[in-house]
Amino acid sequence: MNIKEIANELKLSYLRECHGILLEEASNLGLSNEEFLLLYLERELERRKNNGITRRIRYAKFVNKKFLEDFDKNKYSLELNKKFEYLEKLKFIENKENVILIGTPGCGKTHYATALGIKACIEGKNVLFTTVPNLIIELQESMSKNQLTNYKRKFEKYDLVILDEFGYISFDKAGCEILFNLLSSRNDKGSIILTTNLTFDRWEEVFKDPMLTGAIIDRLAHRAHIMDMSREISYRMEDTIEWSKSNI
């Protein structure tokens, strides 16, 4: 067997693809055997870390890739910026704390939630991103296939679940109940980031049942960072204005 075949058998992807380049580099630099081995191991480790990040981001199912570096915090209050600083350390995930981002459409909730999720993936956390309407559909499909228990177990194992677009549509009684059961089963087992355009006093518009509404708020708001990110002008409107100015 040659180097490529052995590397493939051992699942050493960097060695399989780059052993020729690595040998040439070591020769040009005049590396000792120990230095060469260290260089190779560093490259293989870096490749595995990058592959892990790519895999976690893919499995998270983000609709769009958004990053903290592209999020303009200067457009928010000093109080919110202090909270941003804490959240971006990802300690809220370690502490199994929730985050509820409230605000008008286009205020940056989804961007920020996604960016935190991307950073969590980079830091080795398992993340799931889904909209609340899609989550309800998946839950109902799992029920119809008698797979709801398996779905709950998988849902509980994520370090971070991001639930986007809560409040844009209301649910029937069955949808509300299975969502409540799912969130209850995850309570204290992992973090949730929820984005919504509705303040708590309007959640009954979605769930229709005041007792169920109160119970869900109680589950989600317990040990939660509740942040109102509302802005007078949305990001999309700002982009439209800037685009219009540049095309005059």
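In this predicted model, helix H7 (132-144) and helix H8 (148-157) each supply at least two residues of the lining of the second largest pocket. The largest share of that lining, four residues, comes from H8. The space in the second largest pocket amounts to about 250 Å³. Its lining consists of Lys61, Leu128, Glu138, Glu141, Ser142, Lys145, Gln147, Asn150, Tyr151, Lys154, Phe155 and Tyr158. By class, four of these lining residues are nonpolar, three are polar and five are charged.

The angle between H7 and H8 is about 140°, and their axes lie 7 Å apart. This angle makes H7 oblique to H8. On the H7 side, the contact is formed by Leu135, Glu138, Leu139, Ser142 and Met143, and on the H8 side by Leu148, Tyr151 and Phe155. Six nonpolar residues, one polar residue and one charged residue make up the contact of H7 with H8. Glu138, Ser142, Tyr151 and Phe155 take part in this contact and are also found in the lining of the second largest pocket.

Helix H3 (residues 33-60) packs with helix H6 (residues 109-122) at an angle of about 140°, and the axes of the two helices are 8 Å apart. H3 is therefore oblique to H6. The crossing in which H3 passes H6 is right-handed. In H3, the residues that meet H6 are Ile53, Arg56, Ile57 and Ala60, while H6 contributes Ile118, Cys121 and Ile122. The contact of H3 with H6 contains six nonpolar residues, no polar residues and one charged residue.

H3 also packs with helix H2 (residues 13-29), here at an angle of about 145° and with the axes 11 Å apart. H2 and H3 cross in a right-handed manner. From H2, the contact involves Ser13, Tyr14, Leu15, Glu17, Cys18, Leu22, Leu23, Glu25 and Ala26. From H3, the residues in the contact are Phe36, Leu39, Tyr40, Arg43, Glu44, Arg47 and Asn51. The contact of H2 with H3 divides by class into nine nonpolar, two polar and five charged residues.

The volume of the largest cavity is about 80 Å³. Residues lining the largest cavity are Lys96, Asn98, Leu183, Arg186, Asn187, Asp188, Gly190, Ile192, Arg219, Leu220, His222 and Arg223. At least two residues of this lining are supplied by each of helix H9 (173-186) and helix H11 (210-221). The lining of the largest cavity includes three nonpolar, four polar and five charged residues.

Definitions and conventions. Residues are numbered from 1 along each chain as its sequence is written. This is a predicted model: local features need pLDDT of at least 70, side-chain atom pairs count only at pLDDT 80 or more; totals for chains, interfaces and linings use all residues. Side-chain values use heavy atoms; hydrogens and water are left out. Axes are lines fitted to C-alpha atoms, for helices over the stretch in contact, and angles run from 0 to 180 degrees between N-to-C directions. Angles under 35 degrees count as roughly parallel, over 145 as roughly antiparallel, 65 to 115 as roughly perpendicular and the rest as oblique. A crossing is left-handed if the near helix is turned anticlockwise from the far one by less than a right angle, and right-handed if clockwise. Contact means heavy atoms within 4.5 Å. Ala, Val, Leu, Ile, Met, Phe, Trp, Tyr, Cys and Pro count as nonpolar, Asp, Glu, Lys and Arg as charged, and the others, Gly among them, as polar. On a 1 Å grid over the protein atoms alone, a cavity is a set of points where a 1.4 Å probe fits but cannot get out, and a pocket is an open set with protein on both sides within 12 Å along at least five of seven lines; lining residues have an atom within 4 Å of a point. Grid points are joined across faces, edges and corners, and a volume is the space filled by probe spheres set on the points.
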